[in-house]
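Thank you all for coming; I would like to walk through one model with you this morning. Please keep the sequence and the structure in view while I talk.

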Amino acid sequence: MKTHLLALIALTVLSGLPLSSAQAHGEKALEPFIRMRTIQWYDVQWSTQTFKVNDEVSVSGKFHVAEDWPISVPKPEASFLNISTPGPVLIRTERYLNGKPWTNSVALQPGGDYDFKVVMKGRLPGRYHIHPFFNLKDAGQVMGPGVWLEIGGNPSDFSNTIKTINGEMIDMESFGFANGVFWHLFWGALAAAWLLWWVRRPLFISRYRMLDAGLEDELITPQDKWIAKVVLVSVPVLVLVLNTVTANRYPDVIPLQAGLDQILPLPAQVNAGTVNVDTLKAEYNIAQRAMVLQVKVDNRSQGAVRIGEFASSNVHFLNADVADAGYNPGKDDVSNNGLSLDNASPIEPGEQRTVTIEVRDAAWESERLDGLIRDADSRLGGLLFLYDDVLGKRYISSISAAVIPKFI
């Protein structure tokens, strides 16, 4: 009794404590090998992070569909780009893939490069954690980099008026609302009446006794049968009549689309062949929280290049010695100077060099990427950025390798 009383007191105290809202959308919950080796985001940026209700905001960027797609993850034959928000705080007004407007799901090609843009409008004031993400059929959501958006203004000022194909102006916030409420109540009342008709009489024990006595034919009366026939006929007839009335009232209707868009990838921007990178070995030192990569760089460009950045699962590791590696992350991105090389001198044109890259930072643990060594598919994936300091060019390679854990 004393234990129960203490538990009740503890629950009462805890219920009075202030609760903070969730500040993430589960982007760390997905297995590391899926986050690293499916959709590889880069150059993602927002037009603004502070705006008001009714103001437009857009997110744009690029992504590479990894060649080393995990064998346990279904191919991206049906994918949908969306924005992860804590409720209807924004509305999406436009969406583009490779400069083409699109509304349906799309088939992505492993090894393909794409750019995207999503235009939205502020709906509810507040401070929200927002991500672009791809919903992969039978695989789940792969989140892009997240930022905090500040939406000001008054929620009552929000306007969502559109022009239909027949020229009528309608408010999407209230159009059809009363009609929808009416039919929900109508069908709910009909279902409740049908249920109450059968449960109004004694149940269970009385029925069991009648069945046990061989009186099962008396459980359903002629009146029950007549009402059942009326419902069986009237409901389909009512639906067909109402469907005909609606079709006549709104003759110009575009049905919900269920097609699959086929948008070809852009000319190669990642693994374009100018600077090739082959990953020879990858080791993760658990004690030092460091990933050590041994790569072979083949520089076929016209200028010397230097390794400036490694990005994986929206985590960016920068080489402090490369000034051009000026990635400008949002407030919520992880970015640091945790990348170092065994040989930091530029790789000259025509040169082939084996380089050891150490990426050491607590982000491997805080972002739950170190769980890679405990996955059944223990392979690393990410984008390696190389820079030409003289010509101002950037080369990107998508790399992958099996990871060997080191415990000492």
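A word on where the values come from. This is a predicted model, in which local features need pLDDT of at least 70 and side-chain atom pairs count only at pLDDT 80 or more, while totals for chains, interfaces and linings use all residues. Residues are numbered from 1 along each chain as its sequence is written, and side-chain values use heavy atoms, with hydrogens and water left out.

As for the overall layout, the domain assignment, which is an automatic or database one, divides the protein chain into domain 1 (21–163), domain 2 (177–249) and domain 3 (275–406). Between the C-alpha centres of domain 2 and domain 3 there are 66 Å.

The unreviewed UniProt entry carries the annotation "transmembrane region" for residues 181–199 and 226–245; positions are given in the numbering used here, feature names are shortened, and such annotations may be inferred rather than shown by experiment. In the model, residues 181–199 are 100% helix and 0% strand, with their end C-alpha atoms 27 Å apart, and residues 226–245 are likewise 100% helix and 0% strand, with 28 Å between the end C-alpha atoms. Helices here are DSSP runs of H or I with at least four residues, strands are runs of E with at least two, and both are numbered from the N terminus.

Which residues form the nonpolar patch on the surface? They are L195, L196, V199, L203, F204 and I205, with about 610 Å² of accessible area together, and the largest share, 3 residues, comes from helix α3 (residues 177–199). A patch of this kind takes residues with over 30% relative accessible area and no salt bridge, joining nonpolar side chains (Val, Leu, Ile, Met, Phe, Trp, Tyr) within 5 Å and like charges within 9 Å; the areas come from the Shrake-Rupley method with a 1.4 Å probe, and for residues only the protein chains shown count as cover. L196, which lies in helix α3, is exposed, with a relative accessible area of 54%.

Turning to charge, a salt bridge here is a side-chain nitrogen of Lys or Arg within 4 Å of a carboxyl oxygen of Asp or Glu, and a search of the whole structure finds 12 of them. In one, R37 meets D68, with the closest N and O atoms 3.2 Å apart. R37 sits in the loop between α2 (32–36) and β1 (39–46) and D68 in the loop between β3 (56–65) and β4 (79–84), so the pair ties together parts that are 31 residues apart in sequence. R37 is buried at 2% relative accessible area, whereas D68 is partly exposed at 23%. Both belong to a network of salt bridges that links R37, D68, D377 and R379.

Finally, we return to D389, whose side chain meets that of R306 in a salt bridge (3.3 Å, N to O). This pair links distant parts of the chain, with R306 in strand β17 (residues 306–312) and D389 in the loop between β22 (379–388) and β23 (393–406), 83 residues apart. R306 is buried, with a relative accessible area of 19%.

Note on methods: Buried means under 20% relative accessible area, exposed over 50%, partly exposed in between (1.4 Å probe, protein chains only).
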